[in-house]
Amino acid sequence: MTDHICPWANRSSLELEYHNTHWGFPLHDDSLLFEMLILETMQAGLSWTTILAKRQGMTEAFDSFDPTIIQGYSEEKLAQLLLDERVIRNKLKLKSVVANAKSFLAIQEEFGSFNDFIWNYVDFTPIQSNFKLIEEVPGFTPLAETIAKNLKKKGFKFVGPTTVYAFMQSIGMVNDHLTTCPIHQKVLESYSK
């Protein structure tokens, strides 16, 4: 069997780098988890290439994705962001960043960390997929539906099952690299480090 990288990673150099160094690798740092959650909510209806291209600009515009700062964004600040080409200029999505920062901080308060809250859903053990074809990879799973419902109950916005599943993939809760992809094995090896 020859090694074939996941087909979606070939769309752009940004996606290839993201695929090879980030996607599927377990992420446990709360600040990075918040960033990925915001990036995934921003993606709704857009391509991941667009989000990656704007990632640096969004980092600058959103105060390095610091939820303690973002939770205090005023209507004036949101109005400024609507004019900022570095971000996804969608009023509802920008409002969701503030709501999600507040909910994120509330979860940290309740559970000690967002990491403990989110990774508890998989018992702190990544789900291993064994897909050979990209067509086999689901858009979402029953677990993603459950997490989405719970996040919504906690006040999160733009967290439907598809967005939540993409988030789970991005933070390594699930390893959906195709079994033919050389990164699949690298992800597995990262667990023992």
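Predicted model: local features only at pLDDT ≥ 70, side-chain atom pairs only at ≥ 80, totals over all residues.
**The largest pocket and the chain around it**

Let me begin with the largest pocket, which holds about 360 Å³ of space. By pocket I mean, on a 1 Å grid over the protein atoms alone, an open set of points where a 1.4 Å probe fits, with protein on both sides within 12 Å along at least five of seven lines; the volume is the space filled by probe spheres set on the points, which are joined across faces, edges and corners.

Residues are numbered from 1 along each chain as its sequence is written, and side-chain values use heavy atoms, with hydrogens and water left out.

Back to the pocket: 16 residues line it, and those nearest its centre are W8, R11, W23, A166 and Q169, where a lining residue has an atom within 4 Å of a grid point. Two elements, α2 (30–43) and α9 (161–170), each give two or more residues to this lining, and α9 supplies the largest share, five residues. By class, the lining has nine nonpolar, five polar and two charged residues, with Ala, Val, Leu, Ile, Met, Phe, Trp, Tyr, Cys and Pro counted as nonpolar, Asp, Glu, Lys and Arg as charged, and the others, Gly among them, as polar.

Turning to the whole chain, we have ten helices and two strands, taken as DSSP runs numbered from the N terminus, with at least four residues of H or I for a helix and at least two of E for a strand. From the N terminus the order is α-α-α-α-α-α-α-β-α-α-β-α. The radius of gyration is 17 Å, close to the 16 Å that the globule rule gives for 193 residues, so the chain is as compact as a globular protein of that length; the radius is taken over C-alpha atoms, and the rule is 2.2 Å times the number of residues to the power 0.38. Of the 193 residues, 48% count as buried, meaning under 20% relative accessible area with a 1.4 Å probe, protein chains only.

Finally, consider D84, which sits in the loop between α5 (75–82) and α6 (91–111). D84 counts as buried, at 14% relative accessibility. Leaving aside neighbours within four places in sequence, D84 is in contact with A61 and R89, contact being heavy atoms within 4.5 Å.

Note on methods: Buried < 20%, exposed > 50% of the residue type's maximum accessible area, 1.4 Å probe, protein only.
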